[in-house]
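Student: I'd like a close look at a single part of this model, please. Pick the part yourself, and then tell me how the rest can be read in the same terms.

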Amino acid sequence: MGCQMLWLPLALTLMMATVSTGGSIVEECDPGDLNGLASFRGGIHMDTSGRLAKWVGRRCCRWQGVSCNNETGRVTEVHLPGFISSVDFVFQSQMEGWFSPSITLLTSLEVLDLGGLAGLSGRIPTSIGRLKNLRKLYLYGNKLRGSVPESIGKLLKLEELHLHENRLSGFLPPTLGCLKNLNALLLHSNRFTGSIPASFSNLTNLMHLDLHANSITGHIPQNIGDLQLLKELDLSDNLLNGEIPASVNNLTSISVMYLDANHLEGEIPFPSNYGQMPLLGFLRLQNNQLGGKIPPNLGYLVSLQRVSLENNKLEGAIPFSLGNLEALTELYLNGNKLSGVIPKSIGQLSHLILLTLSHNSIQGPLPNEMSALQNLQTLDLSFNSLTLNSIPRWVAKLPSLSRIYLAGCGIKGQIPDMLKSTPSPIQELDLSANDLTGGIPAWMGSLTQLYSLNLSRNHLSSSIPASVADFQELGVLDLHSNNITASMEHVFKIGTSFPGGSLTYVDLSDNSFTSGIQQISVGTLERVVYLNLSHNLQEGKLPTSMEKLKALQSLDFSYNKFGFGLVEALANLSHLETLKLQRNQFTGRIPAEFLNLKNLKDLDLSDNLLVGEIPAGRPLSDFPQSCFTGNT
C-alpha cells in the first residue's frame, strides 16, 4: 500500500474556456499571465503530448490545460499532468526542460498540476509565495532539485502539496507548519535531511503525511498526536531515532502507520487503552531497534489487517491477546528474540493469509489449534527452537497453504509422503537445515506448480530422480550440502516448456555429483542468473553450450576435477559478475576473449594448470595476484 494509497488520481482537465465580462468576450490574456505561461513554454524543449505546441496566439484561456475565471479573465488553473486519461485511452506523456520561475506571475492561480512529467528540472521558485490563491500544487515525479523555499509558507490556502519523487534536498522549512488548510503533504522519495519541524503539529487538517524514502534524522515530534484528522502516516525508510512518542495514541483517525526502516528504539507505546486508534488497519514497524515485549494491548486494535514487527529486538512470548485481531490477514514477527510457545489463540485468526515467525527462539510443540487457519497460504516457522522431529499432519491438510518454510526445525527422517497431495498445490517448499535422510522421492516431480525448492543442508543421498524434469515452473532449486551422487543431468531438463526455461537460481554445491554437466545443452537455461556446482566430483571439459546461459551473473565450478582448456564460450556471458574456477585441472592459456567480461567483479582461477601470460587489460588487470596463483 504505502505511497500508492496516498496518491490521488490526477486526470487531465481539457478546457477550451471562453471568458466573458458584461456580455463581451475577453479576447486576450492578462499580460502577466501570458508572460508567465510563455516563459514556462519557452523552458520546455520536449513535450510528447503535443499540448504546448498548441499554445499559440494571445488567447491563453483557450489553450489546452489552461482554465480561467469567467469574471476576471485571470488564469486560475494549469493542468499539464504526465498521466493523461480519457474514456478512450490512457497516455503517459513526458516533458523535458526547465521549470521557469515566471510561473509565479500567474498570481490568481489556484491549481498548478505539473505532476509526473518525468523530465521537468530546475528548482521550486523562491517566489512561489506570490501564488497566495493556490489550493493545489502538484510537482511530483520530476527532476526538481534544491530545497523547498521558505516562502511556501505564505500559501495559506494550500490544501494539497505533492512534491514527491524528485531530487529535492536540504531541510524541511518550518514555514510548512503555517499551511493550516493542508490536508495532504507528500514529500517522499527525495533527498531531504534534517529533522521533522515541530511546526508540523500545527497542521491540524492534515489527513495524509508521507515523508518516506528520505534521509530525515532526529525524533518523531512528541506532539504528533495533535494531528487528529491524520489517516495515513508514512515516515519509513529514513534515519529517525529515539522512541515512538506516546502521543500517537491520540491519532483517532489513523488507518495506515508506517514507521519501518529507521533506528527507532524503546518499547511499542500503543495502544495504552481500549478504544484508541480504532481504525488502524496497516502497521509497519519492521527494521528498527524496538525492544521489550509485544504489548498485550495490541489486541485492542481490532481493525488491524497487516502487522509487521519483524527485525527488531522484541522479546518474551507472543501475547495471547493477538487472537482478538479477527481482521488480521498478515502477521510478520520474524527476526526478533521471541520465546515461549505459539499461543493457541492464533487459531482464532480465521482471515490470516500469511504468518512468519522465523528466526526467533520459539519452542514447540505447535498448537493443534493452528489447524483452524483455513485461509493460511504462507507459513514460515524456520530457525526457531521447535525441534519438531516431524511435520505435523495438519500442516499438509490446511486447505489454502501453498508456501511452507520449515527450515531448521529439527525435522528428521525422509521427506514425508503427505506433501505429495495437499489440498492446495505447493508453490514454495523450504525444508533446509534439518536432519532429512534418504533420497529425493520420485513423487516430488508431481508438484508441477512448485516454484522454489530448498532441501539444502540435510543428509539426503542417492541420485536425483528423473521425475524432477516434470517441474515446469521451478525457478529456484537449492540442494547444496547433501550427499547426492551420480548425475545432475535431470536438473537441466527442468522447465523446458518455458521460453528460455524456468530456472533462475541453481545451487548443487557440496555434494558428490560425478557427471551431467555435458547435458547442460539439453535443457533451456537462458534465464539462469546463479549457478553453483562447486565442491563436487565433476570432471572432463566444460561444454561450449555454456554460452547459452545468456542471463548468468554468477558461475561457481570451483573444487571439482574439470580439465582441458578454458572454453572461449565463457567470454560470451556478458552479464557475468562472478566467475570461480579455482581448484580444478584446467590447462592451457587464459583466453584473451575473457577481456570481454566487462561486468566481472569477482574472479578466481587459482590452483589450476594454466600457463602463459595473463591477457593484458581490464577487467583481468583489476584482480590481485591471488586470483591467479597456483598456476604455471
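Tutor: Cys 61 has a relative accessible area of 9% and is therefore buried; buried means under 20% relative accessible area, exposed means over 50%, and partly exposed is in between, using a 1.4 Å probe and protein chains only. Please keep in mind that this is a predicted model, where local features need pLDDT of at least 70 and side-chain atom pairs count only at pLDDT 80 or more, while totals for chains, interfaces and linings use all residues. Residues are numbered from 1 along each chain as its sequence is written, and side-chain values use heavy atoms, with hydrogens and water left out.

Cys 61 forms a disulfide with Cys 68, the sulfur atoms being 2.0 Å apart; a disulfide here is a pair of cysteine sulfur atoms within 2.5 Å. The torsion about their S-S bond is -95°, a left-handed link.

How many disulfides does the structure hold? There are two, and the other one joins Cys 29 to Cys 60, with 1.8 Å between the sulfur atoms. Its S-S torsion is about 65°, so this disulfide is right-handed. Cys 29 sits in the loop between strand S2 (24-25) and helix H2 (31-43), and Cys 60 in the loop between strand S3 (44-47) and strand S4 (66-68), so the pair ties together parts that are 31 residues apart in sequence. Helices (H or I, at least four residues) and strands (E, at least two) are DSSP runs, numbered from the N terminus. Cys 29 is buried at 7% relative accessibility, and Cys 60 is buried at 0%. If you number the bonded cysteines of the chain in sequence order, the pairing reads 1-2, 3-4.

Now for the annotated region. In an unreviewed entry, UniProt lists "domain: Disease resistance R13L4/SHOC-2-like LRR" for residues 90-213 and 275-489; its positions follow the numbering used here, feature names are shortened, and annotations may be inferred rather than shown by experiment. Residues 90-213 are 0% helix and 32% strand, with end C-alpha atoms 28 Å apart. For residues 275-489 the end C-alpha atoms lie 62 Å apart, and the span is 0% helix and 20% strand.

Asn 375 is found in the loop between strand S28 (354-356) and strand S29 (378-380). It is partly exposed, at 36% relative accessibility. Leaving aside residues up to four places away in sequence, Asn 375 touches Ser 350, His 351, Leu 352, Ile 353 and Ser 400, where contact means heavy atoms within 4.5 Å. Asn 375 and Leu 352 are 23 residues apart in sequence, yet their C-alpha atoms are 6.0 Å apart.

Finally, some strand pairing. Strands S42 (residues 561-565) and S44 (residues 585-588) run parallel and are joined by three bridges; two strands pair if DSSP finds at least two bridges between them. Phe 564 stands opposite Phe 586 in S44. S44 also pairs with strand S46 (residues 609-610), in the parallel sense over two bridges, and Thr 587 has Leu 609 in S46 as its bridge partner.
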